[in-house]
Amino acid sequence: MRAVRAAAAAVGVAFAAGAASVAAGRLASDAALKTTPGRPLPTEPRLTVHSTAAGRITLTRAFASQRPGIYGLTGAGAHAVVGAVVNGVPHAPDTVVRRLERVSNGTLEPGDKVWFTPNTHVGDPSTALGLDHTDVEVPGELGTLPAWFVPGARSTWVITVHGLGGTREHPMNVMGFLHRHGFPVLDLAYRGDVGAPRPPDGLSHLGETEWRDVDAAIHHAVRFGAEKVVLHGWSTGATMVLRAAVRSGLRDRVAGLVLDSPVLDWTATLRALATARRTPGALLPLAVRAAQGRTGLGGAAPVEPARFPVPALIFHGPDDVVAPWDASRRLAAHHPGRVTLSAVRQAPHAAMWNADPPHYEETLRRFLTPLM
């Protein structure tokens, strides 16, 4: 009887340990599968506001606060836009002074906790950019998808798709540029976004199912006059547009792709986000297995290396810790005549435009000109 009890106890301990491991894996996988739209990713550090005065803001000195370029700065109930680092002004050695371009919402006070974000605009195209736009409804697989449509003279439309932790405010960074060049822009909210249908399991599938919402946007654009479309996506939005270009029934209408910080290796991205949330290294394999089991994600890349559907421009850089850029380099190397890689340094995930807007827009102009 003692042996039986010991064996039963051992089985119980093993079962409890296994159940705990499964639960830990599920919790760790939430870092990528349950991102909140509009909230900074866990890789983005919190900074403290030390002071604001005369078009300047003083922040905690960190790698993030010293990045070149222009960024949104968001905190509790506040949003602002900061520009370049200001040199030659007095400040404490543990702080950085940047230009304060504008405060869009709320106020910034000493002691406030803030994060950098790629979003430099809040609101909609009319309130943020002064562009006439229409709120449209795109019929999707799970229900109606809200979108902003900014009209333009050309017959080639640009469909923009934000990524992890983002909202459709993010593509407004390039919306003014696209409008000046005559492109109609359809800026899509997809499953899981505010105002859009909730996915049945409540999880992000990192583009594996969400691409169907991009497909719905392509059908909407063609139905309302688009002869061709260019798909411009960020992060998992880039993964979605890449899958749509391969799988859509209207893929012959896709003229080109713009992929900003594409998630081409979902396991690397999940590990990076879980690590940023201080997940122990021993649990990372469990997180990957849990994510695969919960979403059905496979190990295959979004597109087979042997083929590429249409011309593509990739903006990516070595400082992206969420979606390692080696995958983008390999993709471009496999398709030297089809895929162009524009390397952007000192830019975090999905913020390639922010690091150097003029370079980004000129590179984008050159890519789009033959597709107009």
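1. A cavity, as the word is used here, is a set of points where a 1.4 Å probe fits but cannot get out, and its lining residues have an atom within 4 Å of a point. Please keep in mind as you read that this is a predicted model.

2. The structure holds one cavity of 30 Å³ or more, and the volume of the largest cavity is about 30 Å³. Its lining is made up of His170, Asn173, Val174, Trp234, Asp260, Ala350, Ala351, Met352, Trp353 and Asn354.

3. Which helix gives the most to the lining of the largest cavity? That is α9, with three residues. Both α9 (352-355) and α3 (172-180) supply at least two residues each to this lining. Sorted by class, the lining residues of the largest cavity are six nonpolar, three polar and one charged.

4. Next come the open spaces. The largest pocket has about 680 Å³ of space and is lined by 40 residues.

5. Strands take part in the lining of the largest pocket: β3 (71-75), β4 (78-85) and β6 (113-117) each supply at least two residues. By class, this lining has 18 nonpolar, 16 polar and six charged residues.

6. The second largest pocket holds about 320 Å³ of space. Of the 23 residues that line it, Thr35, Pro37, Arg191, Gly192 and Ser204 lie nearest its centre. Its lining has eight nonpolar, 10 polar and five charged residues.

7. Now for a pair of helices. Two packed helices are described by the angle between their axes and the distance between the axes. Helix α6 (residues 266-276) packs with helix α7 (residues 284-295) at an angle of about 125°, and their axes are 10 Å apart. The crossing of α6 and α7 is right-handed.

8. Which residues make the contact between these two helices? From α6 come Trp266, Thr267, Leu270, Arg271, Ala274 and Thr275, while α7 brings Leu284, Pro285, Ala287, Val288, Ala291 and Gln292. In the contact of α6 with α7, eight residues are nonpolar, three are polar and one is charged.

Terms used
Residues numbered from 1 in each chain as written. Predicted model: local features only at pLDDT ≥ 70, side-chain atom pairs only at ≥ 80, totals over all residues. Heavy atoms only, no water. 1 Å grid on protein atoms, 1.4 Å probe; cavity = no way out; pocket = protein on both sides within 12 Å on 5 of 7 lines; lining within 4 Å. Points joined across faces, edges and corners; volume = space filled by probe spheres on them. Helix = DSSP H or I, 4+ residues; strand = E, 2+ residues; numbered from the N terminus. Nonpolar A, V, L, I, M, F, W, Y, C, P; charged D, E, K, R; others polar. Axes fitted to C-alpha atoms, helices over the stretch in contact; angles between N-to-C directions. Left-handed = near helix turned anticlockwise from the far one by under 90°. Contact = heavy atoms within 4.5 Å.
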